[in-house]
Amino acid sequence: MSTTEQQATTDAMTLAEVERLRADFPILGERVNGHPLVYLDSGATSQRPKRVMDAERDFAEHRNSAVHRGAHTLAAEATELFENARATVARFIGARENEVVWTSNATEALNLVAYSFSNASLGRGGADAERFRLGDGDEIVVTEMEHHANLIPWQELAARTGATLRVIGLSDDGTLRMDEAAAIIGERTRLVCFTHVSNVLGTINPVEQLVALARAVGAFVVLDACQSVPHRAIDVAALDVDFAAFSGHKMLGPTGVGVLYGRAELLAAMPPFLTGGSMITTVTLEKAEYLPPPQRFEAGTQRVSQAVALAAAVDYLSEVGIDRIHRWEAALGQRLVEGLERVPGVRVLGPASGVDRAGLASFVFEGVHAHDVGQYLDDLGIAVRVGHHCAQPLHRRFGVTASSRASAYLYTTPEEVDAFLDGVRGVGSFFGVGR
Amino acid sequence: MSSGLDGLYQEVIMDHSRRPHGHGLKDGAAAESHQINPTCGDEITLRVHAGEGGIASISWEGHGCAISQASASLLSDLIVDLDEAAVRERIAAFRELMRSRGELEGDDELLGDAIVLGGVSRNVARDKCAMLAWVALEDALQRVP
């Protein structure tokens with residue numbers, strides 16, 4: 001065996017290592033309905049290692065105070081931890097510190113961009129913000145696979161400014177119609193907003209090609225990175241996107257904290273979304289001057305303990321190795337899809353097995369509603385997501401209102417995938433279909 | 001399989017979901033309501049058909065889980081030649097049952113076979129599935145001229 005091969009072998013995550021990691025996640029020891037919990041809903045919310053919970057608790061017990069104000073020791077220490085957390089997240093995605101804005105979640109991050117553009121369109125932000133103004137004749141491009149969080153803010157922005165929303169459709173295999181993308185993205189296009197990885201289909205979108213199309217016409221690029229940052233190495237500078245949004249709770253972190261990445265020179269020219277305390281320099285009764293980014297976009301009391309805990313989550317992911325996690329999950333994703341493809345009556349949404357896809361799989365069981373599938377699996381202690389997964393237009397595209405989704409993470413084992421597949425095989429006979 | 005799942009998907013419920021009664025919209029409605037369960041996107045369109053002294057029958061169309069389909073079917077069996085007060089009394093009784101978290105058995109005088117859906121009330125995620133048709137009926141009653 002060559003040195004390189006040995007390296008590759010030792011590099012891959014092993015079941016023994018995953019079993020060790022699982023011990024860090026207290027909730028994975030739970031029993032549900034008399035069975036060991038098989039948690040396959042990390043695409044909705046991931047579980048937290050003890051270290052992340054400890055970081056949040058430690059902050060509350062020893063450092064809790066307001067950040068960016070006050071001269072006492074705790075305030076200074078809290079501010080340092082808060083800003084160190086920002087630096088940790090920035091390094092993780094290849095951004096600079098002043099390009100990371102804390103938000104409550106990815107939804108707020110995307111709305112921040114939309115409302116800042118909206119405010120610019122009303123003339124706020126002055127001459128610097130003219131480049132963000134939208135109006136009649138301008139176009140915002142989204143895709144048919146978007147999560148509602150990366151669709152509705154753009155519908156609303158279009159409605160407020162008079163711009164038109166254009167939609168890149170999907171092929172039957174769950175990939176973007178790149179011919180349509182090339183036809184739609186044109187000189188009227190001002191914004192191109194798309195997801196990196198589909199939360200339903202598992203499709204990995206060709207960021208590079210879409211960015212190239214947007215760049216050619218001078219449009220801004222907004223990337224929904226909710227399903228990519230937690231699972232694969234992301235370098236926002238290399239991807240050359242203008243904005244990216246993701247959530248802490250999908251990457252081993254707590255709820256209540258999300259991130260907006262924005263290119264420094266853009267954030268510096270954008271008018272604020274939320275206004276109030278902590279984001280100003282000089283305030284008179286008539287008007288206010290605003291701080292530079294990221295503080296300009298962080299009005300009011302911040303989610304400090306959550307940010308600190310998110311940094312602990314990022315450290316955890318980095319120590320395991322995000323590339324190694326990616327490979328582990330890619331294998332689990334293939335196992336999921338291959339297994340589902342063999343169950344009679346099951347239709348997998350998204351790319352077929354063998355195609356590069358995320359560590360998740362959504363499916364429709366012909367003749368059995370997704371809620372009933374989920375209920376049956378829950379009885380076996382298996383947690384999956386059922387419903388429209390905040391992507392109604394996508395489901396409509398595939399002729400269904402709902403689907404069931406299993407999604408893996410670094411702590412998911414092949415045995416859990418197999419237990420899930422066994423469960424799915426039992427659905428047909430329980431509900432009296434597919435025989 | 002645990003008693004929990006069998007309690008939820010009792011034979012009566014499964015039979016109704018596979019061969020639902022009242023399914024298929026009929027002409028000549030006094031009122032109609034369209035309801036959506038936003039968590040799953042399930043929907044129902046329900047029509048109220050007037051008769052002497054009140055409601056002769058209902059008809060409906062929609063798609064959804066076994067619970068929601070069975071519930072609409074059981075409701076169709078129940079609403080036959082009733083006056084409006086009696087219909088409202090049945091909706092109220094069913095809502096109380098669905099909110100009971102498994103504490104009530106349900107009044108079979110009022111609800112007939114629909115009391116089998118009582119098990120659903122133990123599951124907070126599913127009571128909306130069972131309520132969908134009943135909410136549609138309640139809404140349709142408001143719309144009767």
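Predicted model: local features only at pLDDT ≥ 70, side-chain atom pairs only at ≥ 80, totals over all residues.
Residues are numbered from 1 along each chain as its sequence is written, chains are lettered from A and ligands numbered from 1 in the order in which they are written, and side-chain values use heavy atoms, with hydrogens and water left out.

Domain 1 covers 3-47 + 321-428 of chain A and domain 2 covers 53-318, with bounds from an automatic or database domain assignment. Their C-alpha centres sit 28 Å apart. Some 39 residues of domain 1 and 35 residues of domain 2 take part in the contact (heavy atoms within 4.5 Å). Together the two domains of chain A bury about 2900 Å², 56% of it on carbon and sulfur atoms; buried area is the accessible area (1.4 Å probe) that two parts lose on being put together, summed over both. On the domain 1 side, A:Ile322, A:Leu394 and A:Arg397 lose the most area, together 20% of what that side buries.

A:Arg397 also turns up in a salt bridge with A:Asp172, side chain to side chain (2.8 Å, N to O). The term stands for a side-chain nitrogen of Lys or Arg within 4 Å of a carboxyl oxygen of Asp or Glu. The domain interface has 1 salt bridge by this rule.

Now for the neighbouring chain. Here 14 residues of chain A touch 21 residues of chain B, and the two chains bury about 1400 Å² between them, 54% of it on carbon and sulfur atoms. A:His371, A:Gln375 and A:Phe430 supply 37% of the area on the chain A side, more than any other three residues.

The chain interface likewise counts 1 salt bridge, in which the side chains of A:Asp372 and B:Arg126 meet (3.0 Å, N to O). Polar contacts link 8 residue pairs across chains A and B, both residues at pLDDT 80 or more. Helix H13 (370-379) and helix H15 (414-431) each give two or more residues to chain A's side (helices are DSSP runs of H or I, at least four residues, numbered from the N terminus). H13(A) gives the most, with 5 residues.

How values were computed. Polar contact = N/O pair within 3.5 Å; in protein donor to acceptor, adjacent residues only side chain to side chain.
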